[in-house]
Amino acid sequence: MPIYEYECGICHHRLDKLQKLADAPLVECPECGESALVKLVSPGNFHLKGSGWYASEAPQSRKNTSSDTPCAGACQANCPGAALAE
């Protein structure tokens, strides 16, 4: 279930509410009691798990071998796959 953020247009009280997608939006402010709540548009929060998702991680360099190209040996300089090995 998503968490929606609301703000009162009168007293500017903010609150978060866990609601189903089918639930009607809240309208009554719990702070001042007025019907002035507005649903705010805010970025969603999510967490990526696993390696390679964090900015603090250094990218792993991959060593290219002759098996990375379609051919090996002397023809490698003329091979279209040779650019991949560089």
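Good morning. Setting aside neighbours within four places in sequence, L40 is in contact with E5, Y6, E7 and R14, where contact means heavy atoms within 4.5 Å. This is a predicted model, in which local features need pLDDT of at least 70, side-chain atom pairs count only at pLDDT 80 or more, and totals for chains, interfaces and linings use all residues. Residues are numbered from 1 along each chain as its sequence is written, and side-chain values use heavy atoms, with hydrogens and water left out.

Where does L40 lie? L40 belongs to strand 3, residues 37-40. Strands here are DSSP runs of E with at least two residues, numbered from the N terminus. L40 counts as partly exposed because its relative accessibility is 22%; buried means under 20% relative accessible area, exposed means over 50%, and partly exposed lies in between, with a 1.4 Å probe and protein chains only. From L40 to Y4 the C-alpha distance is 7.5 Å, although 36 residues separate them in sequence.

Let us turn to strand 1, residues 3-8. Five of its six residues are buried, so strand 1 is largely enclosed by the rest of the structure. Two strands pair if DSSP finds at least two bridges between them. Strand 1 pairs with strand 3 in the antiparallel sense over four bridges, and E7 stands opposite V38 of strand 3.

Strand 1 also runs antiparallel to strand 2, residues 14-18, with five bridges joining them. Here Y4 stands opposite K17 of strand 2. In the hairpin of these strands, five residues lie between them, and H12 takes a positive phi near 60°. Thank you.
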